[in-house]
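Please open the model in your viewer and follow the stops below in order, making each selection as it is named.

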Amino acid sequence: QVQLVESGGGLVQPGGSLRLSCAASGSIFSRYVMGWYRQAPGKQRELVAAFTSGGSTNYADSVKGRFTISRDNAKNTVYLQMNSLKPEDTAVYYCAARNIVPPLNFYWGQGTQVTVSS
């Protein structure tokens, strides 16, 4: 079972940037599809950005053009570069790994808080 550890969250002013990192145990990219989700208070967890099994990327409409998901295969690490942050981006951000082959189980990190406020 993969283990995921997020880092890089914090407090940032509107318009600022943060980069989140997700370090995974072991070699992940041949077995899992990786992505970032977030959950704001009182709201459901939602997809922010993710790789597809074909290697392309998907983004939530609310973050397109501002956020970029990337990965470093050698380091087994996935990143989320967040630019032009808005107060509505405030949430706990979770790294997720989903099995490429069935059963399509999800594995989650512990989450990292991102707060966008002046």
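**First stop: a cysteine pair**

Select C22 and C95, both of which are buried, where buried stands for under 20% relative accessible area, exposed for over 50%, and partly exposed for values in between, with a 1.4 Å probe and protein chains only. This is a predicted model, in which local features need pLDDT of at least 70 and side-chain atom pairs count only at pLDDT 80 or more, while totals for chains, interfaces and linings use all residues. Residues are numbered from 1 along each chain as its sequence is written, and side-chain values use heavy atoms, with hydrogens and water left out.

Now show the sulfur atoms of C22 and C95, which lie 2.0 Å apart and form a disulfide (a pair of cysteine sulfur atoms within 2.5 Å); the structure holds 1 disulfide. C22 belongs to strand β3 and C95 to strand β9 (residues 91–99), so the pair ties together parts that are 73 residues apart in sequence. Strands here are DSSP runs (E, at least two residues), numbered from the N terminus. Turning to the S-S bond, you will find an angle of -80° about it, which makes the link of C22 and C95 left-handed.

**Second stop: the sheet**

Next, select β3 (residues 18–24) together with β8 (residues 77–82), an antiparallel couple joined by 6 bridges; strands pair if DSSP finds at least two bridges between them. Within this couple, highlight L20, whose bridge partner in β8 is L80.

Methods. Helix = DSSP H or I, 4+ residues; strand = E, 2+ residues; numbered from the N terminus.
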